[in-house]
Amino acid sequence: MNELVRRCIAGDNRAAARLITLLESQDRDAYAALYRLKDQAGRAQVIGITGPPGVGKSTLVDKLITQFRGRGLKVGVLAVDPSSPFSGGAILGDRLRMQSHATDTGVFIRSLATRGSLGGISKATHAAIRVLDAAGYDTVLVETVGVGQSEIDIVRVADTVVLVSVPGLGDDIQVIKAGIMEIGDIFVVNKADRDGADRVVRELRAMLAMQVQLRQGQAPLSGPDTLAARDPDFMHHAGLEPGLSTGEAQESSVPPVLKTIAETGAGVPELADAIVFHFERLKKTGALEYKRLESIRYQLSQFVFDEITHLLSLSELSKVRDDLAQKVFSRKLDVYSAGMALFHSIPEQGATHEHPQT
Ligand code: GDP
């Protein structure tokens with residue numbers, strides 16, 4: 001494993017691929033090896049590309065690879081489909097679209113198939129991002145299928161989230177619901193060669209402007225809702241100027257809405273510019289540190305949640321749960337007391353778990 005990690009840090013694509021395969025299969029040694037990658041972490045810009053199936057994400061990613069390669073950047077692509085256990089093959093088929101980059105050693109393309117739990121896939125995705133980051137990829141594109149909660153979980157860890165939509169999705173804008181809108185940093189209306197693209201752009205811009213207005217109304221730029229007030233240590237750790245408010249550290253302007261025709265590549269250079277600009281701005285304002293710290297917090301919570309879900313699936317704990325369920329059913333216990341009893345029986349189980357690096 002040490003040798004694999006060393007080769008990975010040296011930029012060996014095959015070692016990176018092997019490590020990602022091990023992480024995908026939830027290999028505990030591989031997870032332990034992530035510890036040795038930590039000094040190399042945090043250099044890549046992680047870009048989440050999400051949107052409903054068929055909007056042209058893969059085509060767009062293919063064109064973005066060309067753009068970033070043209071700018072001398074190494075590009076990693078992780079394609080994730082958490083929604084279907086049967087999609088591994090299909091998504092690999094989709095990647096054929098990106099075959100033109102197959103011989104380019106500065107490009108790494110990989111599908112992450114669903115193995116078991118959803119928690120597993122998001123954990124493996126985060127781990128794979130770290131591997132590509134350590135292997136010297138400047139840009140890591142994470143493409144997810146769909147716009148459900150699981151996709152949000154995955155793209156929430158990205159520095160820059162690109163939400164892709166198209167004209168004629170029926171209820172158009174309704175597809176991008178408020179929760180999804182919240183996580184988008186850049187909005188793309190692809191298939192702009194089709195009728196109605198301008199209308200979707202207008203609607204998106206109006207909704208985003210309204211959202212920013214609402215947010216500014218709710219959260220004043222100064223006062224009690226400052227970053228420093230919420231988390232005094234953060235300002236220090238993030239190296240931010242004291243007095244910089246949340247509003248300034250995060251972004252306060254309306255996210256850009258861009259039109260693209262992925263098939264021809266029209267609008268893609270502008271999209272690449274917007275992606276780079278967003279990252280530069282995050283770095284300049286100090287919002288990158290804030291975003292990444294938030295993302296780590298989120299991942300930690302997610303990690304614990306996944307571990308508990310895993311423990312509940314093990315026989316000892318599921319037996320405790322089944323016994324408690326029986327007691328609730330026969331009215332010896334109420335569901336809340338039973339839930340607490342189950343919760344309190346978790347730590348002893350958790351203690352038997354190995355975590356070599358802690
Ligand atoms: P994904 O499922 O979001 O990854 O979408 P794909 O990239 O697989 O694209 C779905 C279909 O839309 C394919 O047949 C593409 O050729 C087509 N497509 C992608 N971009 C455009 C575009 O800008 N205009 C048109 N008309 N078709 C496009």
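**Notes on a predicted single-chain model**

1. Strands here are DSSP runs of E with at least two residues, helices are runs of H or I with at least four residues, and both are numbered from the N terminus. Two strands count as paired if DSSP finds at least two bridges between them. Within this pair, Ser 165 has Val 189 of β6 as its bridge partner.

2. A word on the basis of these notes. The model is predicted, so local features need pLDDT of at least 70 and side-chain atom pairs count only at pLDDT 80 or more, while totals for chains, interfaces and linings use all residues. Residues are numbered from 1 along each chain as its sequence is written, and side-chain values use heavy atoms, with hydrogens and water left out.

3. Now the wider sheet. It is open, has 7 strands in the order β3-β2-β4-β1-β5-β6-β7, and its pairing is parallel. At the edges stand β3 (107-112) and β7 (257-259); each has a single partner strand, so one side of each is left without a neighbour in the sheet. From one strand to the next, the twist averages 20°.

4. Of the 358 residues, 46% are buried (buried means under 20% relative accessible area, exposed over 50%, partly exposed in between, with a 1.4 Å probe and protein chains only). Among contacts (heavy atoms within 4.5 Å) with a separation of 6 or more, 78% are between residues 24 or more positions apart.

5. Helix α1 (residues 2-9) has Leu 4, Val 5 and Cys 8 as its buried residues. They cover an arc of only 95° around the axis, which puts them on the same side of α1; the arc is that of the directions from the helix axis to the C-beta atoms. After α1 comes Gly 11, with a positive phi near 95°.

6. Do check Asp 133, which sits in helix α6 (residues 118-134). Its relative accessibility is 1%, so Asp 133 counts as buried. Leaving aside residues up to four places away in sequence, Asp 133 touches Gln 40, Ala 41, Gly 42, Arg 43 and Ala 44.

7. The structure holds 15 salt bridges (a side-chain nitrogen of Lys or Arg within 4 Å of a carboxyl oxygen of Asp or Glu). One of them joins Asp 159 and Arg 292, with the closest N and O atoms 2.8 Å apart. Asp 159 lies in the loop between α7 (149-155) and β5 (160-165) and Arg 292 in helix α14 (residues 287-313), so the pair ties together parts 133 residues apart in sequence. Asp 159 is buried at 3% relative accessible area, whereas Arg 292 is partly exposed at 21%.

8. Arg 7 is partly exposed at 28% relative accessible area, and Asp 12 is partly exposed at 26%.

Conventions:
Axes fitted to C-alpha atoms, helices over the stretch in contact; angles between N-to-C directions.
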